[in-house]
Amino acid sequence: MRRRRQLRSRARRCEFGSGIMNKRGEIEKSALAASVIIGVSAAGLLCACAQTLNRGETQATLRSTIAFVSTRHDPAADPAVNPQRAWLAAEIYLMNADGTNARRLTENAYADGFPALSPDGTRVVFDSNRLRVGGEPFNTADLFLMNADGTGQTHLIRGSSATWSPDGKMIAYHASASGNGQPIKPDPGAATNDNDIFVLNIGDFLKNRSRPKNITNSPDAIDDDPDWSPDGQKIVFTSHAVTDNPINSGTAEIYVIDADGTGKPVRLTNNTEEERAPAWSPDGKRIVFSCRRGGPDFEICVMNADGAGQVQLTDNSLPDLTASWSPDGTKIVFHRRVGDRGHLQLFLVNADGTGEMQLTFPPGLNAFPNWGELRDRGPRK
Ligand SMILES: [Ca+2]
Ligand SMILES: [Ca+2]
Ligand SMILES: [Ca+2]
Ligand SMILES: [Ca+2]
């Protein structure tokens, strides 16, 4: 944890990292000016990226990076015309936090989704339907692991929507408890009727095929969308009754459970609206989620980690979903349906709801953002 905080605080200064790298000269000039004005010690605080490069080291830095799904390489993939065709074209991408330098990590004829960068910035866990067999629904998903450059793609286990423990040793995800449940709706990442939250030690699994641990064991509830707390102690998730309408889950609420599966889940929300996809802020004090507030579409909402102080950040008639915090906790990225049916684009909003702006523009799918940090060794001198 301590190591991660150090890396995080260093990377924080590298927000919108490529711009900083490109403006290295400017930064050095700024650093010089600052040192003249407020003393030499201030210069070193301006940008750890530039500092690392100045020393000519290969020491790694963590660069603010958004993992997401896109069809931008395939303009014929139009979700308004043929949704399955578009989702089959979907690949995992990384890009800089300002939307530049998008690069594709996967390339295949299957639907890939829900990427999550590991806390050390070296790996990505993601969903794919590439192991689906005949008769299984289109959105039947397995979890895979790959290096952050797309190499070394490795199958883990059937399941969806993985989140990393802060030490990078475990993932939590949702899956059918029996192993035989099928998705209850056609959405990517959809839960099964017997869905529970599982945790898996990746090292033990790859070495010894150790089994995942079911931490919710709830036959009467559909548990999905886990997110691991920054202190490693808790997992937040959504849960709704198996008797619910799967398309509009009026009984859905957000819960927190101890990551080791002990104790009972604690409910954070209490209303008649559906909530989805909760995500902790990097300081663990707040949770962003999708809320079905003021209409059938979803909005982006934020609350304190105890469920108090709920604030609605968006207000429109379009679905706003899959929110993820910037590593410095100041911004939130999410996807919104725009234009024709099924077209998705990424948007940014400040954590207080101000400054909303569109981040991606290529037509088709730009979806499922996960804002993390990429390990970057920088050039040798
Ligand atoms: Ca694909
Ligand atoms: Ca369950
Ligand atoms: Ca609710
Ligand atoms: Ca909305």
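I began with asparagine 217, which is exposed, having 12 other C-beta atoms within 10 Å. In this predicted model, I found asparagine 217 in the loop between strand S11 (213-214) and S12, and I noted that its phi is near 40°, a positive value in a residue other than glycine.

I then looked up threonine 322, for which phi is again positive, at about 55°, although the residue is not a glycine. Threonine 322 belongs to strand S20 (residues 320-325), and I recorded it as buried because 28 other C-beta atoms lie within 10 Å, where 20 or more are required. I kept both entries because most residues other than glycine have a negative phi.

Next I followed S12 into its sheet, an open one of four strands in the order S12-S13-S14-S15, with antiparallel pairing. Strand S12 (221-228) and strand S15 (266-267) are the edge strands, each with a single partner, so one side of each has no neighbour in the sheet. Between S12 and strand S13 (residues 234-241), which run antiparallel, I noted six bridges; aspartate 223 stands opposite serine 239 in S13.

Beyond its neighbours within four places in sequence, isoleucine 171 contacts Val125, Ala162, Thr163, Trp164, Leu200 and Ile202.

Last, I checked confidence: the mean pLDDT of the chain is 87, and 83% of its residues reach 70 or more. Over residues 1-54 pLDDT stays under 50, and for this stretch the model has 70 contacts beyond four places in sequence.

Definitions and conventions. Residues numbered from 1 in each chain as written. Chains lettered and ligands numbered in written order. Predicted model: local features only at pLDDT ≥ 70, side-chain atom pairs only at ≥ 80, totals over all residues. Pairing = 2+ DSSP bridges. Helix = DSSP H or I, 4+ residues; strand = E, 2+ residues; numbered from the N terminus. pLDDT = per-residue confidence, 0-100. Contact = placed C-beta atoms within 7 Å.
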